[in-house]
Amino acid sequence: MGIVASVVAATDTVPPINALRPAELAEWLAGRGQPAFRARQLRGWIARGAGSFEEMHDLPAGLRAELSGSFRLSSLEPVLESAADDGLTTKLLYGLDGGYTVEAVTMRYPRRTTLCISSQVGCPIGCPFCATGQGKFGRNLKAHEILDQALDAARRLAPEGRRLSHVVFMGMGEPMANYGPVVESVRLLADPELLGISPRRVVVSTAGLVPRIAQLAEEKLPVTLAISLHAARDELRDYLVPINRRYPLAELVGAARDFARGSGRRVSYEWVVLAGVNDTDRDADELGRLLDPYLSHVNLIPWNPVDDTEFKGPSRNAVTRFADRIRGHGLNVTVRDTRGREADAACGQLRARVMKSA
């Protein structure tokens, strides 16, 4: 109870340093008589995970003191951490200004390290199988709050000799409903003075905001688009993904195909496998008829149990059979590794557990 109360009560009026855009930071430094290269030095320290402004020893002492009095290093306050898979999966619950909390999950693989990042506090879409959708929607995250999740992950990975290499916008929230800050954060992630993560290693997901898919295509950012599909007929998807009532499958898949053709990058279609709901032969055949094998990749995700829902997770054999049936239609299929069940790794679970204890 004390943890939650402290988060809710805290609203720090000192702004985080990354809330300043590069031009604003340069202006702030110039107003204090500092040369332009100080901004590059400062951003370099932030990217390397400095724990305080005082650690930035190549900055003048007076500037370090002024920075310490004017800014925080991060917009995030770690609240709780959980680990699973012998430490290969870690989830952080962060406190934000205004008493809100969000989650981010770091997943370590042999050749890459991926951060599952949040873009909103809660989610307005309301998918009934998702822990995030069960809670109240809070607010959109700002671009620097998204960036700070990645910077904190990179800082924690550095002592392990690991580098954050990939980012997926599949944490809390609907990224396309927070479009501007999400796109800005992708550009910040790619900044060579910060993390230098290529947009080609970034996945931006959506439950189906069709107009935003077309807008993202115009950005000319080579990100991978992921569609949270979960059903291949409107009747079922209206229930599992309520935004389908506004943007039905024909519109959604059409927009995704246009994105794939324009970008030259296949669209990833995410499918949370729910036992007896969307894992039947009918579902596999409908999906096979819906998607273009040359423009699509199907990512099957065995459902992580969520309290107070009617759904059940599938057996391993059921997932294998379902995947094979989809492949029979010529589609490329991957079954996602079920990481971190004991870490409450499904979106929103750790946050929900902490809030229930309040």
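What follows is a tour from the whole chain down to single residues.

**Stop 1: the whole chain**

Start with everything shown as a cartoon. Keep in mind that this is a predicted model. The protein chain has 13 helices and 10 strands. Its C-alpha trace spans about 70 × 45 × 40 Å along the principal axes. For 358 residues, a compact globule would have a radius of gyration near 21 Å, and the chain's 21 Å agrees with that. Of those 358 residues, 55% count as buried. Take the contacts between residues at least 6 apart in sequence: 67% of them join residues at least 24 apart.

**Stop 2: color by confidence**

Now color by pLDDT. The mean for the protein chain is 90, and 91% of the residues reach 70 or more. Which elements sit at the two ends of the scale? Helix 1 (residues 2–9) has the lowest mean pLDDT, 39, while strand 5 (residues 166–169) has the highest, 98. Select residues 1–11 and you'll find pLDDT below 50 throughout; this stretch has 16 contacts in the model beyond near neighbours in sequence. Then jump to residues 353–358, where pLDDT is also below 50 and the count of such contacts is 12.

**Stop 3**

The 10 strands form an open sheet with mixed pairing, in the order 1-2-3-4-5-6-7-8-9-10. The edges are strand 1 (77–84) and strand 10 (332–335), each pairing on one side only. Look along the sheet for its twist, which averages 20° from one strand to the next.

Zoom in on strand 4 (residues 113–116) and strand 5. They run parallel and are joined by 3 bridges.

**Stop 4: strand 6**

Select residues 202–206, which make up strand 6. Is this strand buried or exposed? 5 of its 5 residues are buried, so strand 6 is largely enclosed by the rest of the structure.

Now check the neighbours of strand 6. On the strand 5 side, the pairing is parallel over 3 bridges, with phenylalanine 169 opposite valine 204. Strand 6 also pairs in the parallel sense with strand 7 (residues 224–228), over 4 bridges. There, the bridge partner of threonine 206 is isoleucine 227.

**Stop 5: bring the helices back**

Trace the chain from strand 5 through helix 7 (residues 179–190) to strand 6: this β-α-β crossover is right-handed. Helix 7 lies across both of those strands, running at about 175° to strand 5. Keep going, and strand 6, helix 8 (residues 210–218) and strand 7 make a right-handed β-α-β unit.

Next, select helix 12 (residues 316–327). It packs on the sheet, touching strand 8 (267–273), strand 9 (296–302) and strand 10, and its direction makes about 170° with that of strand 9.

**Stop 6: helix 11**

Move to residues 281–290, helix 11. Here 7 of the 10 residues are buried, so this helix is largely enclosed by the rest of the structure. Show Asp283, Ala284, Asp285, Glu286, Leu287, Gly288 and Leu290 to pick out the buried ones. What do they pack against? Helix 9 (234–240), helix 10 (249–263), strand 8, strand 9 and helix 12.

**Stop 7: two loop residues**

Finish with a pair of loops. Glutamine 34 lies in the loop between helix 2 (22–30) and helix 3. It counts as buried at 18% relative accessibility, because the cut-off is under 20%. Leaving aside neighbours within four places in sequence, glutamine 34 is in contact with Leu29, Pro60 and Leu63.

Then click on leucine 59, in the loop between helix 3 (37–47) and helix 4 (61–70). Leucine 59 is buried, with a relative accessible area of 2%. Show Arg38, Gln41, Leu42, Arg64 and Leu67 with it: leucine 59 touches these, not counting residues up to four places away in sequence.

Terms used: Residues are numbered from 1 along each chain as its sequence is written. This is a predicted model: local features need pLDDT of at least 70, side-chain atom pairs count only at pLDDT 80 or more; totals for chains, interfaces and linings use all residues. Side-chain values use heavy atoms; hydrogens and water are left out. pLDDT is the predictor's confidence in each residue, from 0 to 100. Contact means heavy atoms within 4.5 Å. Buried means under 20% relative accessible area, exposed over 50%, partly exposed in between (1.4 Å probe, protein chains only). Two strands pair if DSSP finds at least two bridges between them. A crossover is right-handed if, with the strands pointing away from the viewer, the path from the first strand over the helix to the second runs clockwise. Axes are lines fitted to C-alpha atoms, for helices over the stretch in contact, and angles run from 0 to 180 degrees between N-to-C directions. The radius of gyration is taken over C-alpha atoms; the globule rule is 2.2 Å times the number of residues to the power 0.38.
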